[in-house]
Amino acid sequence: MTLPEPGSWGPYLAILAMALATYLCRISGVVLMGFVPLTPRVRRGLAALPGSIVVATVLPLIERLGLAAGLALLAAIASMVIRRSELLALLVGMAFVSLMRAAGF
Amino acid sequence: MPSEAKSEPPHAALLTLAGMLLGLRRVSVLMPGVVIFAVAFGAAASAKGLSLVEAVLMSALVYAGVSQLVAMELWRPEWSWGAIVALAFVTVTVNARTILQGASLQPWFSRYPWFVNAFQLSFFTDANWLVGTRYHNEGGRDLGVVLGAGLALWGVWVVMTVPGYLLGALVADPRKYGIDLVMPIFFAAMIVPLWRGKRGALPWIIAGVVALITVRLVDGYAFIIVGALSGAVVGAFLDDPA
């Protein structure tokens with residue numbers, strides 16, 4: 001038995017496939033951790049996870065996006081150290097990168 | 001300051017309207033960035049020949065910005081089953097970081113009935129993970145914050161896909177205003193409240209180094225998951241003296 005080709009339903013099936021794939025990612029971390037007993041070791045691993053995700057996401061992006069972006073992220077972190085405001089950090093970072101890019105970096 | 005190895009005190013599984021409004025407030029700094037991102041996706045979708053219905057449907061059902069833009073690179077006029085499966089596979093690799101994000105908040109989420117999680121996780125993204133993580137670290141326990149932030153961004157994301165689709169050609173280069181950096185800046189800023197002193201830094205350094213190595217060896221977004229997992233494993237095996 002062979003499946004009929006997707007034909008005119010193709011785009012909708014593609015969207016549904018993406019939605020399903022994304023939803024599986026969204027739930028599977030929570031579902032899988034339900035089978036892992038929360039030993040102190042697992043707890044320490046989970047505690048280290050958010051910072052690790054943030055660093056692992058940001059560092060390679062700095063490399064990819066270039067010097068202006070990297071300095072903008074540092075400026076945002078500095079702003080966050082001085083004043084704990086995400087809004088201010090965002091404004092500082094965006095202003096910084098806009099100026100750098102306008103200046104041709 | 002809450003310590004990392006706390007055992008969760010028993011508490012009611014809170015999910016309130018006040019929490020949802022707090023989530024909306026906390027995520028609102030990201031709204032301008034999400035608007036521009038959604039407009040950019042709408043524009044890319046119309047340029048690739050999707051219908052308006054398809055573009056809006058994708059924003060509503062998938063609701064994952066980077067993977068939607070990647071899908072536009074792979075979009076085609078005719079679809080075979082193979083192409084659909086390949087697209088789903090690429091989508092998983094782009095969104096695999098949400099597996100780890102979900103795992104990191106599971107001790108909190110697990111206090112709620114499965115159907116609550118099945119629903120709220122439909123709106124789980126980078127932005128409300130960051131908002132939820134910070135809120136939980138401050139001692140907050142109202143799941144409404146995560147759900148409210150996710151729903152608010154979802155609504156904006158879906159609605160703003162439309163003007164992007166219709167006015168696509170008029171959209172200026174988002175790079176010029178640094179809009180492409182909104183999420184990276186928000187991620188970077190989050191390092192500060194997550195900071196737990198020098199001891200906690202070792203897993204992060206490992207995560208960063210492994211991610212930098214992985215990005216050189218493997219195409220795509222594997223670097224996030226490989227780096228973050230390495231950091232978590234190191235964190236798990238660092239024995240606290242206390």
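## Basis and confidence

Residues are numbered from 1 along each chain as its sequence is written, with chains lettered from A and ligands numbered from 1 in the order in which they are written. Because the model is predicted, local features need pLDDT of at least 70 and side-chain atom pairs count only at pLDDT 80 or more, whereas totals for chains, interfaces and linings use all residues.

For the complex, the predictor gives an ipTM of 0.86 and a pTM of 0.85. The average pLDDT (the predictor's confidence in each residue, from 0 to 100) of chain B is 87, and 90% of its residues score at least 70. Over residues 1-8 of chain B, pLDDT stays under 50, and the model has 11 contacts beyond four places in sequence for this segment. Two residues are in contact if their C-beta atoms, placed from the backbone, lie within 7 Å. Where pLDDT is low, the predicted coordinates should not be read in detail.

## Architecture of chain A

Chain A has four helices and zero strands, in the order α-α-α-α along the sequence. Helices (H or I, at least four residues) and strands (E, at least two) are DSSP runs, numbered from the N terminus. The radius of gyration of chain A is 21 Å, whereas a compact globule of 105 residues would have one near 13 Å; the radius is taken over C-alpha atoms, and the globule rule is 2.2 Å times the number of residues to the power 0.38. Along the principal axes, the C-alpha atoms of chain A fill a box of roughly 65 × 45 × 25 Å.

The domain assignment divides chain A into domain 1 (1-36) and domain 2 (48-105), with bounds that come from an automatic or database assignment. Their C-alpha centres lie 34 Å apart. Of the 105 residues in chain A, 47% are buried; a residue is buried if 20 or more other C-beta atoms lie within 10 Å of its own, exposed if 12 or fewer, and partly exposed in between, with C-beta atoms placed from the backbone. Among contacts in chain A between residues at least 6 apart in sequence, 37% join residues at least 24 apart.

## Architecture of chain B

Chain B contains 13 helices and zero strands. Buried residues account for 49% of its 242 residues. Of the contacts in chain B between residues at least 6 apart in sequence, 79% join residues at least 24 apart.

Chain B is divided into domain 1 (17-194) and domain 2 (196-242), with 24 Å between their centres, taken over C-alpha atoms. Five residues from domain 1 of chain B and seven residues from domain 2 of chain B take part in the contact between them. On the domain 1 side, helix H5 (81-95) and helix H6 (97-109) of chain B each supply at least two residues. By class, that side of domain 1 of chain B has three nonpolar, one polar and one charged residues. Here Ala, Val, Leu, Ile, Met, Phe, Trp, Tyr, Cys and Pro count as nonpolar, Asp, Glu, Lys and Arg as charged, and the others, Gly among them, as polar.

## Interface and nonpolar core

The largest nonpolar core has 112 residues, of which A:Met18, A:Ala72, A:Ala76, B:Ile185, B:Phe186 and B:Ala228 touch the most other members. Such a core is a set of buried Ala, Val, Leu, Ile, Met, Phe, Trp, Tyr and Cys residues joined through C-beta atoms within 7 Å. Helix H2 (residues 40-65) of chain A contributes the largest share of this core, 11 residues.

## Two leucine positions

B:Leu130 lies in helix H8 (residues 126-137) of chain B and counts as buried because it has 26 C-beta neighbours inside 10 Å. Beyond four places in sequence, B:Leu130 touches B:Phe186 and B:Met190. B:Leu130 and B:Phe187 are 57 residues apart in sequence, yet 7.5 Å apart in space, C-alpha to C-alpha.

A:Leu88, in helix H4 (residues 86-102) of chain A, is partly exposed, with 16 other C-beta atoms within 10 Å. Leaving aside neighbours within four places in sequence, A:Leu88 is in contact with A:Ser79 and A:Arg83. The C-alpha atoms of A:Leu88 and A:Ala76, 12 residues apart along the chain, are separated by 8.0 Å.
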